[in-house]
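Please read the following note alongside the sequence and the model.

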Amino acid sequence: MPDSDTTARHTIAVLVDNEPGVLARVIGLFSGRGYNIESLTVAEVDRSNSLSRITIVTSGTPMIIEQIKAQLSRLVPVHKVHDLTDEGPSVEREMALIKVAGKGEARIESLRLADIFRARVVDSTTDSFVFEMTGSSEKLNAFIALMEPLGLVEVSRTGTVAIARGSGQF
Amino acid sequence: MSAEPICGADMVIKALVDQGVDVVFGYPGGAVLPIYDSLFKQNAVRHILVRQEGGAVHAAEGYARSTGKVGVVLVTSGPGATNAVTGLTDALMDSVPIVCLTGQVPTHLIGNDAFQEADTTGITRPCTKHNYLIKDVNDLARIMHEAFYVAKSGRPGPVVVDLPKDVLFALGNYIGPEQVTHKTYRPQTKPDPARIAEAVKMIAAAKKPLFYGGGGLINSGPEACARFTEFVRLVDAPCTLTLMGLGALPASDPHFLGMVGMHGMYESNMAMHDCDVMIAVGSRFDDRVTGRLNAFSPGSKKIHVDIDPSSINKNVRVDLPLIGDCNEVLDALLKAWRKASPHSDGKARNAWWRQIDAWRARDCLRYDRGRRDLIKPQYALERLYALTRERDPFITTEVGQHQMWAAQFFRFDKPYHWMTSGGLGTMGYGLPAAVGVQVAHPDALVIDVAGEASILMNIQEMSTIAQYRLPVKAFILNNQYMGMVRQWQELLHGGRYSESYTAALPDFVKLADAFGAAGRRVERPDELDDAIMQMIAEPRAVILDVVVDQEENCFPMIPSGAAHNEMLLGPADKAEQPVSEEGMVLV
């Protein structure tokens, strides 16, 4: 373990039994022990075995990150814990729905920028758009920042999901 | 698979029997009536009726810690479950295997704020190792067996099974324990052989080795303790134990330095500070052990044996983690050590033992006997130990000064004889824990070393003691103060004894009498031996109210925020070392 007090961001994937209370257990562990949650997503990924995958983006010193992984691993319904940040290359994506309202030049500009960022229009009225956009969290942040002066109304984001590159299985 | 479907309540009892449970500590109520009805119709499982659910959990803890078996609790929904929360947290902190069955309102009423409804699984999630809410009677048998498996496997802990009343009435199929395997939970028990070899090398090369054993050894069992003792003797290194680990190495062994930590022995703490290789076995570098972290054993390489990977590098960075069950790890270490038969640096080791002897010569438990008509608490415990040791007593304690003095002055040669609330520090633990110990060991001498404040927190259990004619002995060191609170107020808060004095205490002799026990109060040192002998000889329960010096403080002591080599050995030391501001905010 690197001997360091530097805080780093880690994306941790957790495979759990899809049973009542499992998400509360994970969230309670983070709040009870004072760890950060930057984002957390959860959904069932294996129906026949009733498994869900939780993706947590957190930050901490190497000692804290090691603790987080050890604490997650010892929860009884947890099957596997993987630190995607540490264990080789991975792909991270997030989706956002972004509502922008405006007329005239601002409206056209928002559409032009959406095109550059490869956002899709999923709802439109004469004075608003809802854009759907998928990408890295940074890309989403950049687009949302650009929409701010153009009439940004609200944002809904999924939080990060991630998967390791290559043919390996979780 | 049983041929006939049976009701959930019968299934609960059947599962308990199949898990080898012979006693349950509990308190009935509306939601668990079906289970009590099933209990009534059988004789395999004995029920001990406590007087408050908190007492039931501590009793089960006492039972578990003195036998190595799983302690079982049965309480009703709502207040029954919430009263159990302190005990569950206590069991979690001290890794005690407990299965706690809680009643619940029927499934269709869950979430409706029904009478005696509480979100038991929600409330107990952070204070249990795991918990279950059973919604289908056909899951009941499996979950019961899983609960026992989870409670005792890996690092033991409390497991709650929440049982809605309609599930207890419903009919379903029972399956036995042999048909149940947990889907995921497989704690690692065998260590990595490469690391065992590395550990042997590190220990052999040590000039100043030190063993630091903890409660994990007790949990691993008497065999683990025997192997630990064998290994300590083989390596011929000094050994200290934590509060929870007392008895893992015989106190009479010359390698034993005494307890470590805030009120541990001077020689233990100095050795911990100065050692060059520390072998931690089933101990967790708790803040009561380490003192100020950045000054903790600065020159040592650390080997850490623990079954719980989350214990590794939690507080203190270690050099060589050995994940596994203490018993298995020690077995591997013993074999590897014998095979390598390494030579250690005899000259350096001799120098290390000479240093340790010099620390021992400070005689850190020495105290001033003071006035002839006043009992010092240390003296009371010295006499209690001297007069009971031949009887191999089981000692439980409450929490505070008396607990630390008991840990200092009692010397345990075996595991399972010392029951105390270490991690959570739960006042009121000792009396109900003694109930559990006495139920498990009906003919043994069971003593609750108590303070007058702590024992009042669960004094209602005297009624349980009366009902089952348990000959529990409550040995109260009565200084009329919450002694440890008073001590900290003296050392840290300018002697302003805010609310730590109990102005109205019961007459403990009359209180004993009211519960059918024998009571005696002693105030003079020359009465003490006779009172203790009388207490031992008394076939009934006894409350011995020992009036002790109100001002006595517990030493030695590492003040909060201080390092191991900054110990205070007695009252005279205190003026020299004011507690730092960082130390003040620590508990």
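The numbered points below begin with conventions and then proceed from whole chains to single strand pairs.

1. Conventions. This is a predicted model, in which local features need pLDDT of at least 70, side-chain atom pairs count only at pLDDT 80 or more, and totals for chains, interfaces and linings use all residues. Residues are numbered from 1 along each chain as its sequence is written, while chains are lettered from A and ligands numbered from 1 in the order in which they are written.

2. Overall form of chain B. The secondary structure of chain B consists of 24 helices and 20 strands. Helices (H or I, at least four residues) and strands (E, at least two) are DSSP runs, numbered from the N terminus. The C-alpha atoms of chain B occupy a box of roughly 75 × 60 × 45 Å along the principal axes. For 587 residues, a compact globule would have a radius of gyration near 25 Å, and the 24 Å of chain B agrees with this. The radius is taken over C-alpha atoms, and the globule rule is 2.2 Å times the number of residues to the power 0.38.

3. Burial and contacts in chain B. Of the 587 residues in chain B, 54% are buried. A residue is buried if 20 or more other C-beta atoms lie within 10 Å of its own, exposed if 12 or fewer, and partly exposed in between, with C-beta atoms placed from the backbone. Among the contacts in chain B with a separation of 6 or more, 76% involve residues 24 or more positions apart. Two residues are in contact if their C-beta atoms, placed from the backbone, lie within 7 Å.

4. A parallel sheet in chain B. Six strands of chain B make an open sheet with parallel pairing, in the order S3-S2-S4-S5-S7-S6. Strands pair if DSSP finds at least two bridges between them. At the edges are strand S3 (46-49) and strand S6 (130-133) of chain B, each of which pairs on one side only. From one strand to the next, the twist averages 20 degrees. Within this chain, strand S5 (residues 98-104) and strand S7 (residues 158-164) of chain B are joined in the parallel sense over seven bridges, and Cys100(B) has Val160(B) as its bridge partner in S7(B). Helix H5 (residues 85-93) of chain B lies across S5 and S7 of chain B, at about 145 degrees to S7(B). Axes are lines fitted to C-alpha atoms, for helices over the stretch in contact, and angles run from 0 to 180 degrees between N-to-C directions.

5. A further sheet in chain B. The order S11-S10-S9-S12-S13-S14 (chain B) describes another open sheet of six strands with parallel pairing. Its edge strands are strand S11 (256-259) and strand S14 (320-323) of chain B. Neighbouring strands of this sheet are turned by 15 degrees against each other on average, direction ignored. Strands S9 (residues 209-213) and S12 (residues 277-281) of chain B run parallel and are joined by five bridges; Tyr212(B) has Ala280(B) as its bridge partner in S12(B).

6. Chain A. There are four helices and nine strands in chain A, arranged along the sequence as β-α-β-β-α-β-β-α-β-β-α-β-β. Its C-alpha trace spans about 55 × 40 × 35 Å along the principal axes. Buried residues account for 25% of the 170 residues in chain A.

7. Domains of chain A. Seven residues of domain 1 of chain A are in contact with six residues of domain 2 of chain A. On the domain 1 side, strand S1 (8-17), strand S2 (39-46) and strand S3 (51-60) of chain A each supply at least two residues, and S2(A) gives the largest share, three residues.

8. Strand pairs in chain A. S1(A) and S3(A) run antiparallel and are joined by 10 bridges, with Leu15(A) opposite Arg53(A) in S3(A). S2(A) and S3(A) form a hairpin with four residues between them, and Ser50(A) in the turn has a positive phi of about 55 degrees.

9. Contact between the chains. In chain B, 14 residues are in contact with 18 residues of chain A.
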